[in-house]
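I opened a new page for this structure today, and these are my notes on what I looked up. Come along and check each entry against the picture.

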Amino acid sequence: MSDFSPFPADFLWGAATSAYQIEGSPLADGAGPSIWHEFAHTPGRVCNDDTGDVACDHYHRYREDTELMRTLGLNAYRFSVSWSRVLPEGRGRVNRRGLDFYERLVDALLECGIQPMLTLYHWDLPAALDRLGGWLNPNSADWFVTYAGILFRALDDRVKLWVTLNEPWVVVDGGYLYGVLAPGQRNPYAAPIATHNLLRAHATAVQAYRAVGRHQIGLVVNLEPKYPASETVEDLNATLRADAYFNRHYLDPVCLGSYPPELAEIFGAAWPRFPDADLDFIRQPLDFLGVNYYSRQVVRHAPGVWPLEVAGVRQDRQAHTALDWEVYPQGLTDILEWVASRYGPLPLYITENGAAFYDPPQADSAVDDPLRQRYLRDHLRAALAAMRNGVDLRGYFAWSLLDNFEWAYGYSKRFGLIHVDYATQQRTLKASARFYAEVIRARGAALLADGAEG
Ligand code: FCB
């Protein structure tokens, strides 16, 4: 291997997924329903009324999928555990068969030389706990730490990278403020409480891990840099509000011990005064931070737009994905540098990055996805630029390994490096997967090659 490789030899090259999005068989072997199972089965909630009942059938095909990861040369894989497989009622009785699935998965990964990164909570709260108020219940931190402890005891001998929560911002924004994701509440009074309880749950689990765990634990947040549409005071203030709401909302309390002051302004009477002791507790030292990055937002002041008075300005001259997210690789460099300077020094991982594009089927059943390939190349270059500017980046996880159930969009949007034919469960490597494999094989050299221009 060339010594001129731009990435360190121990860099993690991974892909990411989550339980409800790929596993299928959500009630198999004694599992209880999750809020996503119930939400998807409520007519009108998910595009085409798609559900995760079958998804990628990864619950049965995990060995094949692990072999595919090996083929790509991945040395890491980020997945999540379904809480209600392990604890069908969310607390109380442990379902051994649910836990066994994750033991088998972890063993299969390790046999393939792939390091697991395990996310404890990627949005699929046990439905039984939602009936008790879910993240609005002050006991939710205790429920979470009990669940986390079961996983720590079962798997810390083999899992070295643990994540408490995936994107708490989305859990609250989609699940409690706008109601477009499970559990579908639309209540500005609920949102700050759910936020606070998620942060208490995160901190309780980190603290518990210090007592029993021997490896590393962190948090995954989604970040989206905000740029002002103009230099007017209104737009600059709107940009600060958007940044506070989106980017500092969770990281300030976790890393600095306080909520950004803009949140009280945004939520008004709905923003409670939280006990100082809670904020001291929430600030538990982390071993790493995971950043999910997809796009940026150019912000203008938009009076009357509830609750932020902010609107995004579409950048018509830029490329957009099938979800209409602007493709903006520079934003990844910017946000990594911002995290490192505001919250560092802290080891970072890019725990998700990727794009939905329509990949037209071809006669020879190959899947050529030049837009995704370019997205991947340009974002890896952007990550490298941040590393060269001193950011301590330890790994990159593409979202996603497989096409999968994209939440409220169902199966209509495909993010995979690997195409899934949902009728047959046939997996096909897309051109982007082959490109990624080549990048990994030569530790990044393919990013610099002339052939990658375009
Ligand atoms: C992130 C989620 C992930 C996936 C991607 C596209 O917000 O963590 O599950 O849906 O977006």
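**Entry 1: two helices side by side**

I started with helix H7 (residues 140-155) and helix H9 (residues 190-212), which pack at an angle of about 35 degrees with their axes 8 Å apart. Before going on, I noted that this is a predicted model, where local features need pLDDT of at least 70, side-chain atom pairs count only at pLDDT 80 or more, and totals for chains, interfaces and linings use all residues. Residues are numbered from 1 along each chain as its sequence is written, and side-chain values use heavy atoms, with hydrogens and water left out.

Axes are lines fitted to C-alpha atoms, for helices over the stretch in contact, and angles run from 0 to 180 degrees between N-to-C directions.

I found the crossing of H7 and H9 to be right-handed (the near helix is turned clockwise from the far one by less than a right angle). On the H7 side, the contact is made by Ser 140, Ala 141, Phe 144, Val 145, Ala 148 and Phe 152; contact means heavy atoms within 4.5 Å. H9 brings Asn 197, Arg 200, Ala 201, Thr 204, Ala 205, Ala 208, Tyr 209 and Val 212. Sorted by class, I have 10 nonpolar, three polar and one charged residues in this contact (Ala, Val, Leu, Ile, Met, Phe, Trp, Tyr, Cys and Pro count as nonpolar, Asp, Glu, Lys and Arg as charged, and the others, Gly among them, as polar).

**Entry 2: the barrel**

How many strands make up the closed barrel? I traced eight, in the order E1-E2-E3-E4-E5-E7-E10-E11, with parallel pairing; two strands pair if DSSP finds at least two bridges between them. From one strand to the next, the twist averages 25 degrees.

**Entry 3: around the ligand**

Which residues surround the ligand? My list reads Gln 21, His 122, Trp 123, Asn 166, Glu 167, Tyr 294, Glu 352, Trp 399, Glu 406, Trp 407 and Phe 415, a residue being near if one of its heavy atoms lies within 4 Å. I then looked for polar contacts, pairs of N or O atoms within 3.5 Å. Gln 21 has a polar side-chain atom 2.8 Å from a ligand oxygen. For His 122 I noted 2.8 Å from a polar side-chain atom to an oxygen atom of the ligand, and for Glu 406 I also wrote down 2.8 Å.

Three strands form an open sheet in the order E6-E8-E9, with mixed pairing. E6 and E9 are at the edges with a single partner strand each, so one side of each has no neighbour in the sheet. The twist here averages 45 degrees from one strand to the next.

Strand E6 (residues 226-228) and strand E8 (residues 297-301) run parallel over three bridges, with Pro 228 opposite Val 299. E8 and strand E9 (residues 310-312) are antiparallel, again with three bridges. Val 299 has Gly 312 as its bridge partner in E9, and His 301 stands opposite Val 310. Helix H10 (residues 233-256) lies across E6, E8 and E9, at about 125 degrees to E8.

I flagged a cis peptide bond between Ala 182 and Pro 183, with omega about 5 degrees; Pro 183 sits in the loop between helix H8 (168-177) and H9. Another cis bond joins Trp 399 and Ser 400, with omega about 10 degrees.

Methods:
Helix = DSSP H or I, 4+ residues; strand = E, 2+ residues; numbered from the N terminus. Polar contact = N/O pair within 3.5 Å; in protein donor to acceptor, adjacent residues only side chain to side chain.
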